[in-house]
Amino acid sequence: MSLRSVECQLRHMGTTRPTPPPSVECPNECGAKFEKRFLEGHVTEDCTKRMVQCEFCDTCVFYKDEIAHMNACKRFPVPCPNGCKLTDIPRGEVKEHIENDCPKAKIPCPFSVMGCDYKCERQRMQKHISDEPTEHLSLVDSLSVCVQKVHDLEKLYGSQLVWKIDKYSERFQEAKTGKKITIFSPPFLTSRHGYKMAVSLCLNGDGKAKGHFVSVFICICRGEYDALLPWPFSHRCTFTLIDQCQDPSARRNISYTIKPNACKDNKPFLGRPVGERNASFGTQKSVPLNVMKTLDYIRDDTMFLKVHVDYDNMILL
Ligand SMILES: [Zn+2]
Ligand SMILES: [Zn+2]
Ligand SMILES: [Zn+2]
Ligand SMILES: [Zn+2]
Ligand SMILES: [Zn+2]
């Protein structure tokens, strides 16, 4: 303000009251009133109801709610609660980090379903598995008894299906996202003139096993020799996940056997197929997903599942 205008104002004081400049209300309805010339400054810098954008999740929130938002924002970076080296995990991904990745998370031995009670930090688990190979081998062995028994017969007739599943990580992702939950094997014959069957797998689990176990199912397809075969189907089916360890004597295959129960209710599964194929039977809980990540069950993004149908009492045509 120049000296002249100050003089001017002083001279007028007492004679005329200066009219107050017209005031406006905040367009954001925060309740503030001010001279119009302050409007822009108010709405961009002071107004408690102005919008600000969260730099982490891009959501727009009222300025007054910004702190509350930061305390709840799912993208806000937080340090790992287990104290691993990650310090900027989006808040909403902490749970997944602990469940799947955190090297300091305490996890049960992947062979726990087979009786190993050991628990330790994830980063030490691989060492535990390689330090105790005989213990784990014996745990796996107890599941493989039936396979051992039929081994000689297998030499005679050959294994019926060794299903090679390539592009494992892609197929697993498709199962996880729900894009393609189930994959099917090519059909195979249980013997030269035997039952025609097909295997299906849910790599990320089916139903209650989702996210925890691989689910394995088998179904009987309509085959050329059905007229000559005994019905209902009554043979045990053994699925073996093959450990692709380069030293065959060190392999720790995991087997799971299903014994069909030929009762009347199971006719849609075990009876002679009337349609193209019967309903599938099997198990939701075969190999735990965390076991899949160990040893060489997946190698070069490929897994092998051997399917063996028991020869006990089978009529070989
Ligand atoms: Zn305002
Ligand atoms: Zn946010
Ligand atoms: Zn962590
Ligand atoms: Zn263990
Ligand atoms: Zn057997």
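Modeller: Donors here are N, O and S atoms within 2.8 Å of the metal (3.2 Å for Na, K and Ca), and water is not among the atoms, so sites may look incomplete. The model is predicted, so local features need pLDDT of at least 70 and side-chain atom pairs pLDDT 80 or more, while totals for chains, interfaces and linings use all residues. Residues are numbered from 1 along each chain as its sequence is written, chains are lettered from A and ligands numbered from 1 in the order in which they are written, and side-chain values use heavy atoms, without hydrogens or water.

Colleague: Which protein donors does the zinc ion (ligand 3) have?

Modeller: The donor atoms lie 2.1 to 2.3 Å from the zinc ion (ligand 3), and along the chain they follow the spacing C-x3-C-x12-H-x4-C. The donors are Cys80 (SG), Cys84 (SG), His97 (NE2) and Cys102 (SG).

Colleague: What is the arrangement of the 4 donor atoms around the zinc ion (ligand 2)?

Modeller: Cys54 (SG), Cys57 (SG), His69 (NE2) and Cys73 (SG) coordinate the zinc ion (ligand 2) at 2.0 to 2.3 Å. Four donors count as tetrahedral if all angles lie between 85 and 135 degrees. Because the angles at this zinc ion (ligand 2) are 104 to 116°, the arrangement is tetrahedral.

Colleague: How many residues apart in sequence are the parts that Cys54 and Cys73 tie together?

Modeller: Helices (H or I, at least four residues) and strands (E, at least two) are DSSP runs, numbered from the N terminus. Cys54 lies in the loop between strand S3 (51–53) and strand S4 (60–62), whereas Cys73 lies in the loop between helix H3 (66–72) and strand S5 (77–78). The pair therefore ties together parts whose separation in residues is 19.

Colleague: Is His97 buried or exposed?

Modeller: Buried means under 20% relative accessible area and exposed over 50%, with partly exposed in between (1.4 Å probe, protein chains only). Cys80 has a relative accessible area of 6%. Because His97 has 7% relative accessibility, His97 counts as buried.

Colleague: Which residues are the closest to the centre of the largest cavity?

Modeller: A cavity is a set of points on a 1 Å grid over the protein atoms alone where a 1.4 Å probe fits but cannot get out, with lining residues having an atom within 4 Å of a point; points are joined across faces, edges and corners, and the volume is the space filled by probe spheres set on them. The structure holds 1 cavity of 30 Å³ or more, and the largest cavity has a volume of about 80 Å³. Of the 14 residues that line the largest cavity, the closest to its centre are Val216, Leu241, Ser286, Val287 and Leu305.

Conventions:
Tetrahedral: all angles 85-135°; square planar, octahedral: opposite > 155°, others 65-115°. 1 Å grid on protein atoms, 1.4 Å probe; cavity = no way out; pocket = protein on both sides within 12 Å on 5 of 7 lines; lining within 4 Å.
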